[in-house]
Amino acid sequence: MQSDVVHHHRTGCVGFLIIDYPPVNVLGAVVRSGLASALEWALADDEVRAIVVACAGKTFSAGADINEFDAPMVEPSLQSVFAAIEAATKPVIAALHGTALGGGLELALACHYRVALADAKLGLPEITLGVIPGAGGTQRLPRIIGAAAALDMIVSGAPVDGAKAHSLGLIDAVIEGDLLQGAQRFSERLVEQGAKPRPTRERPVDSTGFDAAGIAAVLSKHSRALKGRTTQQLIVDAVTAATLPGFDVGLSVERNLADFSITTTESKALRHQFFAERQVARVPGVPPDALKAPIARVAVIGAGTMGSGIATACADAGVAVTLIDSTAAGLERGLSLIASNYDSSVARGRLTAEAAAQRRARIADSLDLKAAANADVVIEAVFEDLALKQHILGQVASLTPASTLLASNTSSLSIAELARPCRDPQRVVGLHFFSPAHVMRLLEIVRTESTDPMALGKALAVAKLLRKIGVVAGDAFGFIGNKMMLDGYWREAELLMLEGASPEQVDAAMESFGFAMGPARVNDLGGTDVGTKTRIELFKRESRPDPYFVIADALTAMNRLGQKTNAGFYRYEPGDRKALPDDAVTQLIMDLASKRGIPRRGIYPAEIVERCILQLINVGAQVLESGVAVRAADIDVVWVHGYGFPRHLGGPMFYADSLGLKRVLERIEHYQSRVKSEYWRPSALLVSLATKGQSFAQWDSESTSA
Ligand SMILES: NC(=O)c1ccc[n+]([C@@H]2O[C@H](COP(=O)([O-])OP(=O)(O)OC[C@H]3O[C@@H](n4cnc5c(N)ncnc54)[C@H](O)[C@@H]3O)[C@@H](O)[C@H]2O)c1
């Protein structure tokens with residue numbers, strides 16, 4: 001009997017088993033049992049001399065069903081189906097196209113031969129979710145490409161294309177033209193040559209280069225991506241098991257390590273991020289149709305740093321864009337910035353000259369605001385000036401039909417205020433891109449009380465179109481990310497400096513926690529004046545009690561703007577980005593502390609980290625309770641993608657859950673009694689959840705299902 005999701009047929013002497021389980025042919029229970037029965041058919045049919053396993057649709061299997069991870073696997077398991085394929089008495093050939101990833105590639109590894117299209121992508125990306133391949137990947141891959149190459153491929157998690165796979169010996173042939181016809185020819189040749197099944201489990205492992213030095217070299221090659229991670233050690237152990245005698249022993253070692261990897265907080269955190277990134281676009285009240293709004297042309301007003309980056313992001317995504325500035329000099333500066341960005345991508349081999357030229361051709365320019373009239377989306381990125389932005393949005397509103405989405409890239413102004421002069425403020429949103437806008441994936445989408453759900457949907461569609469992660473935020477002080485950075489993390493970091501920690505101690509502590517750069521170094525990189533200007537605008541909305549960024553603002557006043565003036569929180573030798581401690585800064589901080597009567601003392605790194613992270617969590621809880629963020633998981637996405645919070649810790653709110661909210665509250669109350677500042681008052685939501693023994697994850701599932 002034919003399964004619904006795995007079809008079989010015979011052409012000549014070749015039996016085809018075709019997995020047809022859209023969208024990406026995951027190896028769920030129905031597919032596994034369908035594959036097992038189709039295999040039985042092929043083995044029983046005497047006319048079938050060789051068996052091809054392939055997939056219908058746009059891709060070979062993209063892997064196991066991630067939703068099955070936390071429960072025991074329904075029989076037949078992947079392992080048992082793969083064992084049956086490997087034990088088949090007729091040659092089994094995997095034919096790959098699209099992405100053969102994770103369990104998908106493990107299926108191919110259990111086959112006796114593999115062929116693929118040149119643009120197919122083959123990989124074991126499990127490490128990106130903090131788990132290790134658990135269906136034979138760590139045991140079979142070393143038998144096919146050697147232990148050292150297998151370790152590199154599994155630890156990197158990155159896929160290889162057909163050509164690379166062929167050179168590694170991972171596939172036996174690259175197919176040109178039609179995959180199934182190519183696989184048929186390949187299989188017929190095997191039959192003509194009298195080729196036998198070639199079970200991977202019986203192949204010897206080439207252990208050349210898989211010694212202590214070789215392993216260390218692989219781990220060091222990927223050390224940046226693996227900072228703070230532990231999964232790679234489990235992979236080393238599993239591949240080591242493959243080099244020892246006994247395939248079945250190796251499989252059971254892999255099984256134990258894989259089962260363990262699923263239970264780690266690291267894996268839970270990475271899977272949390274994976275799902276959170278996909279969930280952000282589901283916003284209560286936004287009709288799904290709104291996300292399908294057609295967007296053919298974008299207009300960007302203001303050709304500065306942000307405007308030119310946003311125009312580049314549009315061009316990179318294949319969207320026609322018009323970049324508008326009020327001055328020829330401004331426009332010229334933006335266009336040359338774009339040109340030099342593309343030139344450097346070509347020079348670094350990331351883009352062909354032809355592709356770069358195609359992208360640049362998508363960017364039209366104009367000195368006339370009327371050029372925005374035919375755009376589906378208009379994004380304003382002029383100077384951070386309320387009256388100027390209001391004037392521009394008002395004008396654009398009168399130039400464009402009501403269906404055009406109007407957006408501002410402001411980082412500090414109220415979107416509702418900006419929208420006031422527009423005849424239809426319900427189509428105005430904030431689109432808060434992060435710098436560099438063509439690189440950073442985060443996009444905060446700011447809605448006001450009057451934003452229409454269709455307009456919000458269109459903003460989410462813009463994010464998707466530009467391959468960004470759009471997170472909806474309320475129109476409040478600092479939106480989600482900057483509010484938590486300013487009121488929480490960085491403010492506390494400055495307080496710690498006033499209390500006695502040096503900028504380098506604060507940076508080192510936060511970098512050891514997992515941030516790529518500590519707050520003082522980030523300030524120096526971006527320019528201390530940028531934050532000062534933002535805070536001046538924000539303070540027009542709400543003020544904050546002293547001390548609030550008194551160090552950064554003093555540095556700005558002294559024209560110590562960071563790297564661009566060779567002095568900021570640190571000093572720099574001309575032409576060198578190495579941050580050097582500066583006595584003048586120590587003196588400045590001591591003066592600022594003494595003026596406020598703040599006693600100075602030595603502070604351990606653990607206290608620095610704990611206070612900064614507790615602040616992040618507490619202000620995050622405020623953001624959640626005020627409705628500025630829809631979900632705790634949205635906050636996690638903002639912090640991982642916009643502010644460098646370590647992904648393997650899941651984001652500040654997931655991290656809080658992993659510590660336990662009761663413990664988090666106790667520690668906040670501890671510092672509240674010591675520091676005696678209103679910044680240490682625990683959020684009401686945090687108190688309520690901690691008292692009930694609940695988590696932010698529970699709050700998310702209850703509040704968004706209601
Ligand atoms: N720089 C960042 O990191 C960052 C991040 C997020 C958001 N933002 C926000 O983005 C906006 C732009 O910032 P930027 O750093 O790109 O500024 P910028 O000074 O580099 O560029 C502003 C551009 O606007 C142009 N402009 C001024 N008046 C205009 C008008 N009437 N019509 C058309 N163009 C006009 C200027 O000529 C200039 O080219 C600001 O609102 C800022 O707060 C900046």
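This is a predicted model: local features need pLDDT of at least 70, side-chain atom pairs count only at pLDDT 80 or more; totals for chains, interfaces and linings use all residues.
1. Residues are numbered from 1 along each chain as its sequence is written, and side-chain values use heavy atoms, with hydrogens and water left out.

2. The ligand has 22 residues around it, with Met 306, Asp 325, Glu 384, Lys 389 and Asn 409 coming nearest (a residue counts as near if one of its heavy atoms lies within 4 Å). By type, the shell splits into nine nonpolar, nine polar and four charged residues (Ala, Val, Leu, Ile, Met, Phe, Trp, Tyr, Cys and Pro are nonpolar, Asp, Glu, Lys and Arg charged, the others, Gly among them, polar).

3. Now the ligand's oxygens. One oxygen atom sits 2.7 Å from a polar backbone atom of Met 306. For side-chain N or O atoms, the distance from a ligand oxygen is 2.8 Å at Asn 409 and 2.9 Å at Ser 411. The protein covers 80% of the 840 Å² of accessible area that the ligand has on its own (Shrake-Rupley, 1.4 Å probe).

4. Which element gives the largest share of the shell? That's α15, with three residues.

5. Over to Arg 32, in helix α1 (residues 29–44). Arg 32 is buried, at 2% relative accessible area (buried means under 20%, 1.4 Å probe, protein chains only). A polar atom of the Arg 32 side chain lies 2.7 Å from the backbone oxygen of Val 74.

Terms used
Helices (H or I, at least four residues) and strands (E, at least two) are DSSP runs, numbered from the N terminus. Buried means under 20% relative accessible area, exposed over 50%, partly exposed in between (1.4 Å probe, protein chains only). A polar contact is a pair of N or O atoms within 3.5 Å; within protein, one must be able to donate a hydrogen and the other to accept it, and residues adjacent in sequence count only if both atoms are side-chain atoms.
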